[in-house]
Amino acid sequence: MRVVGLMGCLALVACGDDRGSDNAAAFNVVAATSAPSSPASSPATPVAAAPTDSRATPKPGMLKTFGDWTVGCDNVLTCQVGSLLPEGDFDGAVTVALLREAGEPGGITVSASPREDNIAPAAILIDGKRIAGTAADGRVRGADAVALARAMTNGTTMDVMGKAGRIGRVSLKGASAALRYIDAAQGRAGTQSAIVARGGKPDTTIAPSPPTILAVKAEGKPVTPSATQIAEMNRTGACAMPDGVDVKPVLGALGGGKTLVILPCSTGAYNLIGALFVVDGVAITPAQVDSPSGFEATGADSQTPVHSVINGDFAKGVLSSYAKGRGLGDCGVSQEFVWDGTRFRLSKQTEMGECRGNIDYITTWRAKVVRR
């Protein structure tokens with residue numbers, strides 16, 4: 001089962017087209033002055049310039065599936081592949097994720113996630129041959145992770161072993177193509193650091209910097225809107241909750257006396273859709289966002305005429321949205337937004353486009369948040 005929609009995020013195109021840039025810190029050297037009698041003047045300490053907002057338009061990376069593996073990269077070219085259970089298999093014992101950082105050295109981390117929390121991975125085998133042991137957290141890093149990644153490209157099956165025996169088996173169908181996709185996306189094809197497409201060239205790739213968002217400190221206490229204001233927001237958002245469903249609005253202090261209201265507006269399968277408003281005294285304004293949430297990805301057909309989030313919450317200055325593709329939570333879109341004083345800006349997005357048992361969502365967008 002595949003989740004479809006959300007801003008075309010599951011289109012089969014290359015990821016990482018937008019390499020949003022973070023303005024490099026500049027230094028202003030203040031000229032030092034000294035009294036005429038001073039034999040020499042000493043240089044002043046450089047003063048770092050204040051960070052600036054990149055004003056980047058969010059363009060999350062795309063996800064692509066090869067056989068029993070799915071892959072995606074974010075805007076700074078950190079890439080991840082994840083194993084998928086066979087179609088219709090809800091009882092698979094383990095899934096595996098491999099993450100590779102951009103640039104040099106381009107560290108690799110392989111993690112195994114057993115369905116049973118009390119079972120810890122101890123080793124990973126490819127076609128019956130032990131390739132790497134795992135750390136206490138069930139992960140493989142460093143040279144062992146590189147060796148494991150390269151062994152995956154020519155293998156058929158991966159066995160995740162615990163101390164008492166095999167935890168589960170993972171198909172490697174499509175793993176080589178997914179890892180080759182990472183080589184291409186990160187510009188490693190033909191270099192010595194590539195996983196699949198290795199060559200003799202030295203790796204000179206550089207990891208792009210994430211864009212910067214200057215966000216307002218979420219200070220103060222939220223103000224509870226009146227019944228009249230709630231009624232006005234319901235009219236504006238064309239909200240119509242089912243009879244008998246009583247869900248309270250989520251309130252959050254945005255700073256400067258403004259309050260965020262996530263107004264329960266409608267429901268879909270596994271999802272509560274909340275309309276976004278900003279209340280400032282008696283004034284009520286539909287909140288603006290720079291990236292939509294994932295209605296299409298969940299099958300929810302919302303008619304809300306204002307911006308909304310799904311299963312939304314607001315904590316520590318972060319507005320969250322989590323659109324589930326199905327109740328198991330093994331597919332969907334998770335997002336985080338921060339308030340810049342005018343609108344909510346997408347600071348992180350993770351996704352899983354295939355409803356096939358893997359809950360290790362792939363990051364497709366990230367930004368650096370600076371509070372002011």
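Start with the aromatic rings: the structure holds 3 aromatic pairs. The model you have open is a predicted one.

**Stop 1: Phe-66 and Tyr-181.** Select these two residues. They form a tilted aromatic pair, with 6.0 Å centre to centre and 55 degrees between the planes. Now look at where each residue sits. Phe-66 belongs to strand S3 (residues 63-66), and Tyr-181 belongs to helix H2. The pair links distant parts of the chain, 115 residues apart. Both Phe-66 and Tyr-181 are buried.

**Stop 2: Trp-339 and Phe-344.** Select this pair next. The ring centres of Trp-339 and Phe-344 are 4.9 Å apart, and their planes stand at 50 degrees, so this pair is tilted. Trp-339 is buried, and Phe-344 is buried too.

**Stop 3: the whole chain.** Zoom out and switch to a cartoon view. The protein chain has 4 helices and 24 strands. It runs to 372 residues, and 49% of them are buried. Among contacts with a separation of 6 or more, 60% are between residues 24 or more positions apart.

**Stop 4: the largest nonpolar core.** In soluble globular proteins, nonpolar side chains tend to be buried together. Here the largest nonpolar core has 34 residues. Select Trp-69, Val-110, Met-152 and Met-158, which touch the most other members. Then colour helix H2 (residues 175-185), which gives this core its largest share, 6 residues.

Which residues does Met-152 touch, leaving out those up to four places away in sequence? Select Trp-69, Leu-98, Ile-126, Met-158, Leu-172, Ala-175 and Leu-179.

A second, separate core has 21 residues. To find it, select Leu-260, Val-278, Leu-319 and Trp-365, which are included in it.

**Stop 5: helix H1.** Look along helix H1 (residues 142-152) and select its buried residues: Ala-145, Leu-148, Ala-149, Ala-151 and Met-152. Why do they lie on the same side of H1? They cover an arc of only 165 degrees around the axis.

**Stop 6: Ser-293.** Finish in a loop. Ser-293 lies between strand S17 (283-286) and helix H4 (295-298). Is Ser-293 buried or exposed? Its relative accessibility is 7%, so Ser-293 counts as buried; the cut-off for buried is under 20%. Now show Ser-308. Its backbone oxygen lies 2.7 Å from a polar atom of the Ser-293 side chain.

How values were computed
Residues are numbered from 1 along each chain as its sequence is written. This is a predicted model: local features need pLDDT of at least 70, side-chain atom pairs count only at pLDDT 80 or more; totals for chains, interfaces and linings use all residues. Side-chain values use heavy atoms; hydrogens and water are left out. A nonpolar core is a set of buried Ala, Val, Leu, Ile, Met, Phe, Trp, Tyr and Cys residues joined through side-chain atoms within 4.5 Å. Buried means under 20% relative accessible area, exposed over 50%, partly exposed in between (1.4 Å probe, protein chains only). Helices (H or I, at least four residues) and strands (E, at least two) are DSSP runs, numbered from the N terminus. Contact means heavy atoms within 4.5 Å. A polar contact is a pair of N or O atoms within 3.5 Å; within protein, one must be able to donate a hydrogen and the other to accept it, and residues adjacent in sequence count only if both atoms are side-chain atoms. The arc is that of the directions from the helix axis to the C-beta atoms. Rings of Phe, Tyr and Trp (its six-membered ring) pair if their centres lie within 6.5 Å; planes under 30 degrees apart count as stacked, over 60 as edge-to-face and the rest as tilted.
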